[in-house]
Amino acid sequence: MPILHPPVVQTPPPEVRFVLAAPSPYTGRFDATRAGLGIALELHRLAREYHLPVRISLRALSAQAGRPEAAALLQGQPRVLVVGGSTWSQGSAPPLRRLFELGGNVSLQGVRATAFATAGGAHTGGEMVVLDSLRSLMGQGALAFTAAQRLMVFSTDERLEPAPGQFTDLDCWSMGQYARELLLQAHAGEDPSRTAALADRLGVDLAYFRRFPRSTEALGPHAPTVCAKVNRLASAERPGLGTLAAELTRPEPELRALFRTIP
(Lines give C-alpha, C1' and ligand atoms only; values in the text may rest on other atoms or scores of the structure.)
Protein backbone atom coordinates (compact mmCIF):
# COMPACT_ATOMS: atom_id res chain seq x y z
CA MET A 1 0.00 0.00 0.00
CA PRO A 2 1.55 3.33 -1.01
CA ILE A 3 2.44 5.79 1.71
CA LEU A 4 0.72 9.09 1.16
CA HIS A 5 2.63 12.17 2.20
CA PRO A 6 0.86 15.43 2.89
CA PRO A 7 1.44 18.07 0.22
CA VAL A 8 4.17 20.58 0.93
CA VAL A 9 2.61 23.96 1.48
CA GLN A 10 4.79 26.77 0.19
CA THR A 11 4.62 29.71 2.59
CA PRO A 12 4.84 33.02 0.74
CA PRO A 13 7.64 35.32 1.89
CA PRO A 14 6.62 38.03 4.35
CA GLU A 15 5.66 41.36 2.80
CA VAL A 16 7.54 44.54 3.66
CA ARG A 17 5.37 47.37 2.36
CA PHE A 18 6.65 50.91 1.84
CA VAL A 19 3.98 53.63 1.80
CA LEU A 20 5.52 56.92 0.68
CA ALA A 21 3.88 60.32 1.12
CA ALA A 22 5.64 62.87 -1.10
CA PRO A 23 6.69 65.36 -2.40
CA SER A 24 7.88 67.88 0.16
CA PRO A 25 5.69 71.01 0.14
CA TYR A 26 8.85 73.05 0.76
CA THR A 27 10.90 71.87 -2.18
CA GLY A 28 8.62 69.83 -4.44
CA ARG A 29 11.28 67.11 -4.30
CA PHE A 30 10.61 63.45 -3.68
CA ASP A 31 13.31 63.01 -1.06
CA ALA A 32 11.21 60.60 1.03
CA THR A 33 10.48 58.52 -2.06
CA ARG A 34 14.16 58.31 -2.98
CA ALA A 35 15.11 57.43 0.60
CA GLY A 36 12.49 54.67 0.54
CA LEU A 37 13.98 53.27 -2.65
CA GLY A 38 17.46 53.33 -1.10
CA ILE A 39 16.21 51.40 1.94
CA ALA A 40 14.40 48.96 -0.34
CA LEU A 41 17.57 48.37 -2.37
CA GLU A 42 19.49 47.47 0.77
CA LEU A 43 16.65 45.28 2.05
CA HIS A 44 16.57 43.42 -1.26
CA ARG A 45 20.35 42.88 -1.15
CA LEU A 46 20.37 41.71 2.47
CA ALA A 47 17.43 39.35 1.93
CA ARG A 48 19.42 37.57 -0.77
CA GLU A 49 22.67 37.65 1.17
CA TYR A 50 21.14 36.07 4.28
CA HIS A 51 18.70 33.80 2.41
CA LEU A 52 15.74 35.41 4.18
CA PRO A 53 13.27 36.14 1.36
CA VAL A 54 10.86 39.04 1.59
CA ARG A 55 8.30 40.49 -0.78
CA ILE A 56 8.92 44.21 -1.16
CA SER A 57 6.01 46.37 -2.26
CA LEU A 58 6.19 50.12 -2.92
CA ARG A 59 3.15 52.36 -2.83
CA ALA A 60 2.52 56.11 -2.86
CA LEU A 61 -0.32 58.36 -1.78
CA SER A 62 -1.56 60.24 -4.83
CA ALA A 63 -2.71 63.84 -4.57
CA GLN A 64 -6.17 62.81 -5.76
CA ALA A 65 -6.56 59.96 -3.26
CA GLY A 66 -9.77 59.82 -1.30
CA ARG A 67 -10.56 57.70 1.74
CA PRO A 68 -10.90 54.39 -0.17
CA GLU A 69 -7.58 54.89 -2.01
CA ALA A 70 -5.72 55.82 1.18
CA ALA A 71 -7.21 52.85 3.03
CA ALA A 72 -6.14 50.51 0.22
CA LEU A 73 -2.51 51.51 0.79
CA LEU A 74 -2.68 50.13 4.33
CA GLN A 75 -5.03 47.18 3.99
CA GLY A 76 -3.98 43.57 3.55
CA GLN A 77 -1.98 43.02 6.72
CA PRO A 78 1.64 43.26 5.50
CA ARG A 79 4.14 41.72 7.86
CA VAL A 80 6.05 45.02 8.08
CA LEU A 81 4.76 48.48 7.16
CA VAL A 82 7.25 51.28 6.50
CA VAL A 83 5.84 54.80 6.26
CA GLY A 84 7.96 57.62 4.87
CA GLY A 85 7.26 61.34 4.59
CA SER A 86 8.76 64.79 4.90
CA THR A 87 8.80 67.65 7.38
CA TRP A 88 6.66 70.76 7.38
CA SER A 89 7.02 73.53 9.99
CA GLN A 90 8.50 71.26 12.70
CA GLY A 91 5.93 68.53 12.03
CA SER A 92 4.52 66.19 9.41
CA ALA A 93 3.98 67.54 5.91
CA PRO A 94 0.40 67.59 4.51
CA PRO A 95 0.76 64.43 2.34
CA LEU A 96 1.74 62.36 5.37
CA ARG A 97 -1.03 63.85 7.49
CA ARG A 98 -3.54 63.02 4.75
CA LEU A 99 -2.43 59.39 4.81
CA PHE A 100 -3.43 59.03 8.45
CA GLU A 101 -6.46 61.30 8.20
CA LEU A 102 -7.91 59.28 5.32
CA GLY A 103 -6.59 55.84 6.28
CA GLY A 104 -6.79 56.07 10.05
CA ASN A 105 -9.73 53.65 10.31
CA VAL A 106 -7.77 50.73 8.84
CA SER A 107 -6.93 48.11 11.45
CA LEU A 108 -3.22 47.40 11.70
CA GLN A 109 -3.55 44.94 14.58
CA GLY A 110 -0.50 42.70 14.62
CA VAL A 111 1.34 44.56 11.84
CA ARG A 112 4.90 45.58 12.65
CA ALA A 113 5.24 49.23 11.63
CA THR A 114 7.94 51.86 11.50
CA ALA A 115 8.50 55.31 10.01
CA PHE A 116 11.25 57.48 8.57
CA ALA A 117 11.37 61.11 7.52
CA THR A 118 13.31 63.55 5.40
CA ALA A 119 13.95 67.02 6.76
CA GLY A 120 15.56 70.24 5.63
CA GLY A 121 18.12 70.22 8.42
CA ALA A 122 19.15 68.38 11.54
CA HIS A 123 16.89 70.48 13.79
CA THR A 124 13.83 71.14 11.63
CA GLY A 125 11.41 68.66 13.17
CA GLY A 126 12.18 65.38 11.44
CA GLU A 127 12.16 63.53 14.74
CA MET A 128 8.63 64.83 15.41
CA VAL A 129 7.49 63.45 12.05
CA VAL A 130 8.76 59.99 13.00
CA LEU A 131 7.25 60.11 16.49
CA ASP A 132 3.89 61.41 15.23
CA SER A 133 3.80 58.67 12.61
CA LEU A 134 4.64 55.97 15.15
CA ARG A 135 1.89 57.22 17.48
CA SER A 136 -0.62 57.21 14.62
CA LEU A 137 0.40 53.69 13.63
CA MET A 138 0.11 52.53 17.24
CA GLY A 139 -3.34 54.12 17.41
CA GLN A 140 -4.34 51.82 14.55
CA GLY A 141 -3.10 48.79 16.46
CA ALA A 142 0.33 48.38 14.90
CA LEU A 143 3.37 47.10 16.79
CA ALA A 144 5.63 50.12 16.26
CA PHE A 145 9.42 49.92 16.24
CA THR A 146 12.42 52.09 15.41
CA ALA A 147 15.94 51.34 14.25
CA ALA A 148 17.05 50.43 17.76
CA GLN A 149 17.90 53.67 19.61
CA ARG A 150 17.86 55.81 16.46
CA LEU A 151 15.01 57.70 14.81
CA MET A 152 15.54 57.47 11.07
CA VAL A 153 15.71 61.07 9.81
CA PHE A 154 17.59 62.10 6.66
CA SER A 155 18.55 65.78 6.32
CA THR A 156 18.72 67.01 2.73
CA ASP A 157 19.32 70.78 3.07
CA GLU A 158 20.96 73.35 5.37
CA ARG A 159 24.45 71.94 4.74
CA LEU A 160 27.54 73.43 3.17
CA GLU A 161 27.85 70.29 1.09
CA PRO A 162 26.64 68.23 -0.70
CA ALA A 163 24.04 69.95 -2.89
CA PRO A 164 20.45 70.24 -1.58
CA GLY A 165 18.46 67.05 -2.03
CA GLN A 166 21.53 64.81 -2.13
CA PHE A 167 22.07 62.02 0.38
CA THR A 168 25.52 61.39 1.78
CA ASP A 169 27.29 58.02 1.91
CA LEU A 170 26.67 58.05 5.66
CA ASP A 171 22.93 58.50 5.01
CA CYS A 172 22.97 55.48 2.74
CA TRP A 173 24.96 53.47 5.27
CA SER A 174 22.15 54.25 7.74
CA MET A 175 19.61 53.07 5.17
CA GLY A 176 21.43 49.75 5.14
CA GLN A 177 21.33 49.47 8.92
CA TYR A 178 17.62 50.29 8.87
CA ALA A 179 17.11 47.57 6.24
CA ARG A 180 18.70 45.05 8.62
CA GLU A 181 16.11 45.97 11.23
CA LEU A 182 13.31 45.60 8.68
CA LEU A 183 14.58 42.17 7.68
CA LEU A 184 14.74 41.14 11.33
CA GLN A 185 11.18 42.31 11.97
CA ALA A 186 9.93 40.55 8.85
CA HIS A 187 11.28 37.20 10.07
CA ALA A 188 10.97 37.66 13.83
CA GLY A 189 9.02 34.84 15.45
CA GLU A 190 7.21 34.33 18.71
CA ASP A 191 10.27 32.83 20.41
CA PRO A 192 12.36 35.72 21.81
CA SER A 193 15.53 33.64 21.97
CA ARG A 194 15.32 32.72 18.29
CA THR A 195 14.64 36.33 17.35
CA ALA A 196 17.65 37.42 19.39
CA ALA A 197 19.76 34.83 17.59
CA LEU A 198 18.54 36.14 14.24
CA ALA A 199 19.38 39.70 15.32
CA ASP A 200 22.90 38.55 16.15
CA ARG A 201 23.20 36.86 12.77
CA LEU A 202 22.05 40.02 10.96
CA GLY A 203 24.31 42.27 12.99
CA VAL A 204 21.43 44.21 14.54
CA ASP A 205 22.60 45.84 17.75
CA LEU A 206 20.27 47.85 19.98
CA ALA A 207 23.08 50.36 20.57
CA TYR A 208 23.53 51.39 16.92
CA PHE A 209 26.45 53.68 17.82
CA ARG A 210 28.59 50.64 18.52
CA ARG A 211 28.80 49.95 14.80
CA PHE A 212 28.86 53.60 13.75
CA PRO A 213 31.61 54.00 11.11
CA ARG A 214 34.61 56.04 12.21
CA SER A 215 36.04 56.54 8.75
CA THR A 216 34.96 56.68 5.12
CA GLU A 217 36.51 53.28 4.53
CA ALA A 218 34.40 51.78 7.32
CA LEU A 219 31.22 52.58 5.37
CA GLY A 220 31.92 49.63 3.07
CA PRO A 221 31.19 49.39 -0.65
CA HIS A 222 27.38 49.29 -0.59
CA ALA A 223 26.59 52.75 0.80
CA PRO A 224 28.30 54.74 -1.99
CA THR A 225 26.67 52.50 -4.60
CA VAL A 226 23.18 53.06 -3.20
CA CYS A 227 23.81 56.80 -2.90
CA ALA A 228 24.87 57.06 -6.51
CA LYS A 229 21.62 55.40 -7.58
CA VAL A 230 19.16 57.35 -5.46
CA ASN A 231 20.90 60.71 -5.85
CA ARG A 232 20.55 60.47 -9.63
CA LEU A 233 16.80 60.19 -9.16
CA ALA A 234 16.67 63.79 -7.90
CA SER A 235 16.62 64.84 -11.55
CA ALA A 236 13.13 65.21 -13.02
CA GLU A 237 14.00 62.64 -15.71
CA ARG A 238 14.80 60.03 -13.00
CA PRO A 239 17.88 58.68 -14.79
CA GLY A 240 18.73 55.10 -13.89
CA LEU A 241 15.24 54.29 -12.65
CA GLY A 242 14.94 51.39 -15.08
CA THR A 243 18.12 49.79 -13.76
CA LEU A 244 16.98 50.29 -10.19
CA ALA A 245 13.58 48.76 -10.99
CA ALA A 246 15.30 45.71 -12.47
CA GLU A 247 17.34 45.29 -9.27
CA LEU A 248 14.15 45.31 -7.23
CA THR A 249 12.46 43.04 -9.80
CA ARG A 250 9.69 45.61 -10.25
CA PRO A 251 8.33 47.09 -13.51
CA GLU A 252 9.79 50.51 -14.24
CA PRO A 253 6.33 52.14 -14.71
CA GLU A 254 5.42 51.03 -11.20
CA LEU A 255 8.38 52.88 -9.72
CA ARG A 256 7.95 55.88 -11.98
CA ALA A 257 4.38 56.20 -10.69
CA LEU A 258 5.82 56.82 -7.22
CA PHE A 259 7.02 60.19 -8.50
CA ARG A 260 3.65 61.30 -9.91
CA THR A 261 1.97 62.61 -6.81
CA ILE A 262 2.52 66.35 -7.21
CA PRO A 263 -0.68 68.19 -6.21
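## Basis

The model is predicted, so local features need pLDDT of at least 70 and side-chain atom pairs count only at pLDDT 80 or more, while totals for chains, interfaces and linings use all residues. Residues are numbered from 1 along each chain as its sequence is written, and side-chain values use heavy atoms, with hydrogens and water left out.

Helices (H or I, at least four residues) and strands (E, at least two) are DSSP runs, numbered from the N terminus. Helix H1 covers residues 31-49, which is 19 residues. From its first C-alpha to its last it reaches 27 Å, close to the 27 Å expected at 1.5 Å a residue; the expected span is 1.5 Å times one less than the number of residues. Of the 19 residues of H1, 17 are buried, so the helix is largely enclosed by the rest of the structure. Buried means under 20% relative accessible area, exposed over 50%, and partly exposed in between, with a 1.4 Å probe and protein chains only.

Ala-47 belongs to helix H1 and is buried, at a relative accessible area of 8%. Contact means heavy atoms within 4.5 Å. Not counting residues up to four places away in sequence, Ala-47 touches Leu-52, Pro-53, Val-54 and Leu-183. Ala-22 lies 25 residues from Ala-47 along the chain, and their C-alpha atoms are separated by 26 Å.

## Strand S1 and Glu-15

Strand S1 spans residues 15-20 and includes Glu-15. The relative accessibility of Glu-15 is 8%, so this residue counts as buried. Apart from residues up to four places away in sequence, Glu-15 touches Arg-55, Ser-57, Arg-59, Pro-78, Arg-79 and Val-80.

## Aromatic pairs

A pair of aromatic rings is described by the distance of the centres and the angle of the planes. Rings of Phe, Tyr and Trp (its six-membered ring) pair if their centres lie within 6.5 Å; planes under 30 degrees apart count as stacked, over 60 as edge-to-face and the rest as tilted. By this rule there are five aromatic pairs. One of them joins Phe-116 and Phe-154, whose ring centres are 6.3 Å apart with planes at 70°, so the pair is edge-to-face. Phe-116 lies in strand S5 (residues 112-119) and Phe-154 in strand S7 (residues 153-155), so the pair ties together parts that are 38 residues apart in sequence.

Phe-116 is buried, with a relative accessible area of 1%, and Phe-154 is buried at 1%. Ring pairs link Phe-116, Phe-154 and Phe-167 into a cluster.

## Helix H5

Trp-173 is in helix H5, residues 169-187, and counts as buried at 10% relative accessibility. Its contacts, leaving aside neighbours within four places in sequence, are Arg-211, Phe-212, Pro-213, Leu-219 and Ala-223. Trp-173 and Ala-113 are 60 residues apart in sequence, with 21 Å between their C-alpha atoms.

Leu-170 also lies in helix H5 but is partly exposed, at 34% relative accessibility. The C-alpha atoms of Leu-170 and Leu-219 are 7.1 Å apart, across 49 residues of sequence.

On a 1 Å grid over the protein atoms alone, a cavity is a set of points where a 1.4 Å probe fits but cannot get out; lining residues have an atom within 4 Å of a point. A volume is the space filled by probe spheres set on the points, which are joined across faces, edges and corners. The count comes to one cavity of 30 Å³ or more, and the largest cavity has a volume of about 60 Å³.

The lining of the largest cavity consists of Ala-147, Arg-150, Met-152, Trp-173, Ser-174, Gln-177, Tyr-178, Tyr-208 and Arg-211. By class, five of these are nonpolar, two polar and two charged. Ala, Val, Leu, Ile, Met, Phe, Trp, Tyr, Cys and Pro count as nonpolar, Asp, Glu, Lys and Arg as charged, and the others, Gly among them, as polar.

## Backbone exceptions

Most residues other than glycine have a negative phi, and most peptide bonds are trans. The bond from Ala-22 to Pro-23 is cis, with omega near 10°, and Pro-23 is in the loop between S1 and H1. A cis bond from Glu-161 to Pro-162 has omega near 0°; Pro-162 lies in the loop between S7 and H5.

Ala-148, not a glycine, has a positive phi of about 55° and sits in the loop between strand S6 (143-144) and S7. Thr-249 has a positive phi of about 55° although it is not a glycine. Thr-249 is found in the loop between helix H8 (241-247) and helix H9 (252-256), and is exposed, with a relative accessible area of 57%.

Conventions: 1 Å grid on protein atoms, 1.4 Å probe; cavity = no way out; pocket = protein on both sides within 12 Å on 5 of 7 lines; lining within 4 Å.
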